[in-house]
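Me: I would like to talk through a protein model with you, ring by ring and strand by strand. Shall we start once it is on screen?

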Amino acid sequence: MSSPSALDHVVYGAHIYTRGRPAETAGAVAIREGRIIAVGTDDQGRAWADAARGSTDLAGRIVLPGLIDAHIHLQHYALFLQQVDCEAPTIEACLDKIRRQASTKPPGDWIIGHGWNRNVWDRDVTADDLDGVAPYHPVFLTSKSLHAACANARALELSGVTSSTTDPPGGIIVRDPAGHPTGMLVEAAAQLVRRALPAVTPDAVAEALVAAQDRLWRLGLTGVHDFDGATCFRALQILHQRGKLGLRTLKNLPFDLLGPASDLGLQSGYGDAWLRLGNLKLFADGALGPRTAAMLAPYLEEPDNLGMLLLDTDQLLEAGAEAAAAGFGLAVHAIGDRAARTALDAFERLRAFESAHGLPARRHRIEHLQLADRADMPRPAALHIVASMQPIHATSDMQMADRYWGDRVKQAYAWRSQLDAGAVVAFGSDAPVEDPNPFLGLHAAVTRQRPDGSPSHDGWTPGERLTLEEAIRSYTDGPAYCAHNESQQGSLAVGSFADLLVLDRDPHGMPPAELAGLRPVGTMTGGIWRYRDF
């Protein structure tokens with residue numbers, strides 16, 4: 001199109017990677033009603049700008065398609081921004097943060113925090129530790145992995161957790177030799193205290209999401225796939241109704257909401273361009289941090305520990321068949337190699353069920369896929385299961401994985417193996433478990449290093465490194481495919497959403513080690529600048 005009319009906005013004077021890679025570039029895009037209606041040269045863009053309601057000269061800056069975080073916990077992340085940040089090098093440093101928080105709150109108010117990492121410390125934090133710095137407040141702190149928590153005596157008391165409380169299914173109340181709870185709660189046991197926390201209303205979450213959304217825009221994110229529950233869904237609807245939702249959100253739901261969702265006639269894909277339903281999530285196992293990820297062979301140093309398999313193949317198949325009949329796909333959390341095999345066995349049988357019953361082949365997902373046996377590596381591609389993975393987990397977990405998985409790390413966080421096998425790979429952060437900054441994820445995917453260059457020049461298990469173009473596709477094309485949005489999201493082509501980010505430096509022309517330091521200077525969604533610093 002040489003002279004589009006009635007334009008809302010034109011972006012020109014740019015070096016635009018229309019699909020995130022050098023092979024397809026442009027100098028300008030024309031936008032109408034939140035979509036790109038023309039892509040052209042800089043000279044064309046300058047001509048179009050004369051007929052547009054607004055225009056932006058980017059003065060040679062770099063433009064990429066907006067990045068999409070394919071696995072985030074929006075409510076947890078938004079509320080985490082209001083909580084105590086417990087990520088600290090020592091227990092003492094963490095306790096000092098709790099002490100300072102207690103000094104600012106009236107006695108009896110809850111102190112809630114997130115981010116402690118037992119694998120960085122020399123021991124578990126206990127209720128006694130927390131009582132020593134906050135004796136008059138109930139305290140509840142979730143771990144970095146969100147698969148464990150610790151609570152003080154007041155919090156346990158308010159929750160009714162005593163020496164006689166039995167472990168819940170899928171959870172462990174850690175106890176001292178006398179049988180008394182130490183304050184450490186693993187997996188489902190954390191729910192015993194979580195239920196006693198002050199209720200969080202959808203309006204309060206919506207308010208917290210406004211600040212979180214602004215942070216995510218500043219990181220270059222234009223879309224997210226959320227994995228929190230019903231309260232977050234209601235909060236997102238509140239923002240949407242108020243015209244304040246500016247992140248394209250695929251809302252995945254906990255499997256236990258299948259009944260209510262089905263009763264209302266909801267199914268995967270319901271919604272609009274800003275908020276739509278994705279899949280139903282189930283947990284096949286725990287996590288590496290607390291050593292509850294389900295393993296085919298024991299953890300090193302723990303010869304009796306195979307982790308926790310929370311659902312077997314028959315249970316996953318039964319759930320998947322029920323979901324498929326109601327119009328939903330599945331998203332199965334699987335971190336250990338036994339959980340991955342169990343999930344893939346279930347998906348194989350679910351594909352047969354879909355075919356036998358004339359049901360569409362849903363875009364099922366396996367979440368995390370941090371470790372898979374070599375025999376299982378090609379199966380996501382063969383079964384058309386999306387490998388939803390988080391590159392920053394590899395660099396965060398590498399020392400822990402070396403310690404507890406040993407030689408098995410050669411097939412851990414295996415993005416290269418998944419892409420080479422033909423799988424659709426969708427990258428995310430798992431925030432607030434990790435930082436949602438996608439440039440940290442791109443750096444980890446390309447280098448297999450931490451930002452400080454550790455563990456080596458070649459990176460950790462370097463055979464699984466990706467090229468920058470492959471990593472960008474995993475933050476654009478892969479998530480767009482998951483959301484059935486591949487024709488209008490993830491690229492800057494005619495008909496696509498006008499979702500983009502602006503950089504002062506070209507990631508394709510810089511040393512990979514510098515990717516972690518990139519920061520957008522502008523982010524647009526739906527043709528509206530959500531963040532701009534130029």
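Me: Is Y475 buried or exposed?
Reply: This is a predicted model, where local features need pLDDT of at least 70, side-chain atom pairs count only at pLDDT 80 or more, and totals for chains, interfaces and linings use all residues. Residues are numbered from 1 along each chain as its sequence is written, and side-chain values use heavy atoms, with hydrogens and water left out. Buried means under 20% relative accessible area, exposed over 50%, partly exposed in between (1.4 Å probe, protein chains only). Y475 has a relative accessible area of 3%, so Y475 is buried.

Me: Which aromatic pair links F427 to Y475, stacked, tilted or edge-to-face?
Reply: Rings of Phe, Tyr and Trp (its six-membered ring) pair if their centres lie within 6.5 Å; planes under 30 degrees apart count as stacked, over 60 as edge-to-face and the rest as tilted. F427 and Y475 are 5.5 Å apart, centre to centre, with 65° between the planes, which is edge-to-face.

Me: How many residues apart are F427 and Y475?
Reply: F427 lies in strand β21 and Y475 in helix α16 (residues 468–475). Helices (H or I, at least four residues) and strands (E, at least two) are DSSP runs, numbered from the N terminus. The pair links distant parts of the chain, 48 residues apart.

Me: What is the angle between the planes of W405 and Y413?
Reply: W405 is buried, at 1% relative accessible area, and Y413 is buried too, at 2%. Their rings form a tilted pair, 6.4 Å centre to centre, and the angle between the planes is 35°.
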